Amino acid sequence: MALIKYKYFAVITLCLSVLLYGCGGGVKFNPNHKPKPLNKNISFKKKKFALVLGGGGAKGFAHVGVLEELHNAGLKPDIIIGCSAGSIVGSLYAADPNIENLKTRTLCGKSADIVAMSVENWPYSVYSQNQLARYLDKNLVSRTFYDLKIPFVVTATNLQYGEITAFSEGDLTLAVMASASYPGVFSPVLIDEQHYIDCGVSDPLPTRVAKELGFEYVIAVNIAEGLPDSPPNHAFGVMQRGVEIAYVNLLKNSLAHADVVIDFNFKNVALLDDSQNMYLYEQGKIRARQKLPEIMRLLTMPKKKL
């Protein structure tokens, strides 16, 4: 399953959803519960350097390489903001900013460590979230945001209102699970009587959150793929292309808030592909090294005048 292309996965999920429509009643909207606002009163020692780690499924292994190069250059972010795959890698590093430990917890992993097919959450997903919960419980040395060594914010999409929500307090595992709840793979996550799904649906690279929190410089790691070169040849292909176009345009809006972008040119890396971990990690290191001079110049500039 790990190597199935997303278009086939989407077809399977859609068919299952149609067949099982009306069989479950797990998700309910409550108009009395409003979206959670961004807490702009978080206390920070410094507000100079925010590192934003974007979503992208298995391509998140590149985040490990980027973090290693920044770490080796003595660049410690004043905050990490994570989306989806970026929330998983970012939370592990924020809890324990030791690169060797981070590599041990991530690079040897398999997709089976975080996903397992199950009917327990049908018709909302074809996988169980128990695997991801167990992985986080095993590898996260912090249970709450308060316990983290580096300030950290997790973003997710409010399923009822469609807005991005930034979590900075409370249960860390639950927030990361919400951020990584890719539609169809995982069912929505319930937090404080609101359901949440993958943040990539609303903002795959939440640089705007960093700016709203008042950080001077934003370094963004964009691991998303661009539009595929091949044209669609069936109805589901056109549907998928439409989703991909919307995603690319969301990214364009996000990139406008970044001061430096570490981006890639990944092609044909499936959502749950665990066969290219080391390649993705090495690409993260290479691309970060290429961007280091630009980052160093930025971070040594005089403070911006407001």
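**A partly exposed glutamate and other stops**

Modeller: Happy to. Let's start with Glu-193, which counts as partly exposed at 49% relative accessibility. Keep in mind as we go that this is a predicted model.

Colleague: Where does Glu-193 lie?

Modeller: Glu-193 sits in the loop between strand S7 (189-191) and strand S8 (194-197). Its phi is near 65°, a positive value in a residue other than glycine.

Colleague: Is Ser-84 buried or exposed?

Modeller: Ser-84 is buried, with a relative accessible area of 8%. By contrast, Glu-193 is partly exposed.

Colleague: And where is Ser-84 found?

Modeller: In the loop between S2 and H3. We can look at both of those neighbours.

Colleague: Strand first, please. How many of the residues of S2 are buried?

Modeller: Five of five, so to speak the strand is mostly covered; S2 spans residues 79-83.

Colleague: Which residues point which way from S2?

Modeller: Ile-79, Ile-81 and Cys-83 point one way, while Ile-80 and Gly-82 point the other way, and all are buried. In a regular strand, side chains alternate between the two faces of the sheet.

Colleague: In what sense do S1 and S2 pair, parallel or antiparallel?

Modeller: Parallel: strand S1 (residues 49-53) and S2 pair over four bridges.

Colleague: OK, on to the helix. Is H3 mostly covered or mostly open?

Modeller: H3 is mostly covered, with eleven of its eleven residues buried. Among them are Gly-86, Val-89, Leu-92 and Tyr-93.

Colleague: At what angle do H3 and H6 cross?

Modeller: The axes of helix H3 (residues 85-95) and helix H6 (residues 172-179) cross at roughly 155° and come within 8 Å. An angle over 145 degrees counts as roughly antiparallel, and therefore H3 and H6 are roughly antiparallel to each other. The crossing of H3 and H6 is left-handed.

Colleague: Which residues meet there?

Modeller: From H3 you have Ser-87, Ile-88 and Ser-91, and they meet Leu-172, Val-176 and Ser-179 in H6. By class, that contact has three nonpolar, three polar and no charged residues.

Colleague: What about H5 and H6, at what angle do they pack?

Modeller: About 135°, with the axes of helix H5 (residues 130-139) and H6 10 Å apart. H5 and H6 are therefore oblique to each other. H5 passes H6 in a right-handed crossing.

Colleague: And which residues of H5 and H6 meet?

Modeller: Leu-132, Ala-133, Leu-136 and Asp-137 in H5 meet Thr-173, Val-176 and Met-177 in H6. By class, the contact of H5 with H6 has five nonpolar, one polar and one charged residues.

Colleague: Last topic: where is Ile-245 found?

Modeller: Ile-245 is in helix H8 (residues 235-255). With a relative accessible area of 38%, Ile-245 is partly exposed.

Colleague: How far apart are Ile-245 and Cys-108 in space?

Modeller: They are 33 Å apart, C-alpha to C-alpha, and 137 residues apart in sequence.

Colleague: Great, thanks for showing me around!

Definitions and conventions:
Residues numbered from 1 in each chain as written. Predicted model: local features only at pLDDT ≥ 70, side-chain atom pairs only at ≥ 80, totals over all residues. Heavy atoms only, no water. Axes fitted to C-alpha atoms, helices over the stretch in contact; angles between N-to-C directions. Helix = DSSP H or I, 4+ residues; strand = E, 2+ residues; numbered from the N terminus. Parallel < 35°, antiparallel > 145°, perpendicular 65-115°, else oblique. Left-handed = near helix turned anticlockwise from the far one by under 90°. Contact = heavy atoms within 4.5 Å. Nonpolar A, V, L, I, M, F, W, Y, C, P; charged D, E, K, R; others polar. Buried < 20%, exposed > 50% of the residue type's maximum accessible area, 1.4 Å probe, protein only. Pairing = 2+ DSSP bridges.
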